[in-house]
Amino acid sequence: MKGEKNMQYEVRTMPDGVYVVVADGKTVTQHNSYTDAQRVSDHMNRLAEHKQKQSLLYSTELESEE
C-alpha cells in the first residue's frame, strides 16, 4: 500500500478523570466512563481494520484486471 499506516485508537485517562479515545496523537472522542471509551476505541479499530482489508482487496482486484 502507498505508505498508509494502520491508525490505532487507544483509551487514555485525563488528569480531570475524563476518558478520551486518541488516534495519531489527537483526541477523537471524550467519555465519562472507561467502558464507553473502550467500546468506541474497539469499534474504531475494527472499522479501520475493515477499511484496510477493503482497500487491499480493491487494489488486488485492480491489479488482476490489468
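Modeller: Start with Asn-45. Its relative accessible area is 17%. That is under the 20% cut-off, so Asn-45 counts as buried. Keep in mind that this is a predicted model. Asn-45 sits in helix H1. Leave out residues up to four places away in sequence, and Asn-45 touches Met-7, Gln-8 and Tyr-9.

Tyr-9 leads on to the core. The largest nonpolar core has six residues. They are Tyr-9, Val-11, Val-21, Ala-23, Ala-37 and Ala-48.

Now move along the helix to Ser-41. Ser-41 is also part of helix H1. Its relative accessibility is 2%, so Ser-41 is buried. Set aside neighbours within four places in sequence, and Ser-41 is in contact with Tyr-9, Glu-10, Val-11 and Val-21. Of these, Tyr-9, Val-11 and Val-21 belong to the core.

Ala-37 is one of the core residues. Beyond neighbours within four places in sequence, Ala-37 is in contact with Val-11, Tyr-19, Val-21 and His-31.

Tyr-19 brings us to the rings. The structure holds one aromatic pair. The ring centres of Tyr-19 and Tyr-34 are 5.8 Å apart, and the ring planes stand at 75°, so the pair is edge-to-face. Tyr-19 is in strand E2 and Tyr-34 is in helix H1. The two are 15 residues apart, and the pair links distant parts of the chain. Tyr-34 has a relative accessible area of 44%, so this residue is partly exposed.

Next, the charged side chains of the helix. Side chains of opposite charge can pair when their charged atoms come close. The structure holds three salt bridges. One of them joins Arg-39 to Asp-36, with the closest N and O atoms 2.4 Å apart. Both residues lie in helix H1, three residues apart, or about one turn of the helix. Arg-39 is exposed, at 51% relative accessible area. Asp-36 is partly exposed, at 31%.

Another salt bridge brings the side chains of Lys-53 and Glu-49 together, at 3.7 Å from N to O. These two are four residues apart in helix H1, so about one helical turn separates them. Lys-53 has a relative accessible area of 51%, so Lys-53 is exposed. Glu-49 has 42%, so Glu-49 is partly exposed.

The salt bridge between Arg-12 and Glu-10 spans 3.1 Å from N to O. Glu-10 is a residue that Ser-41 contacts. Arg-12 is partly exposed, at 39% relative accessibility. Glu-10 is partly exposed too, with a relative accessible area of 36%.

Along the sequence they follow the pattern β-β-β-α. The protein has 66 residues, and buried residues make up 18% of them. Asn-45 and Ser-41 are buried. Count the contacts with a separation of 6 or more: residues 24 or more positions apart account for 26% of them. The protein exposes about 5,300 Å², and carbon and sulfur atoms supply 50% of that area.

Notes: Residues numbered from 1 in each chain as written. Predicted model: local features only at pLDDT ≥ 70, side-chain atom pairs only at ≥ 80, totals over all residues. Heavy atoms only, no water. Core = buried A, V, L, I, M, F, W, Y, C linked by side-chain atoms within 4.5 Å. Buried < 20%, exposed > 50% of the residue type's maximum accessible area, 1.4 Å probe, protein only. Contact = heavy atoms within 4.5 Å. Phe/Tyr/Trp six-rings, centres within 6.5 Å; stacked < 30°, edge-to-face > 60°. Areas by Shrake-Rupley, 256 points an atom, 1.4 Å probe, with all protein chains shown as cover. Salt bridge = Lys/Arg side-chain N within 4 Å of Asp/Glu carboxyl O.
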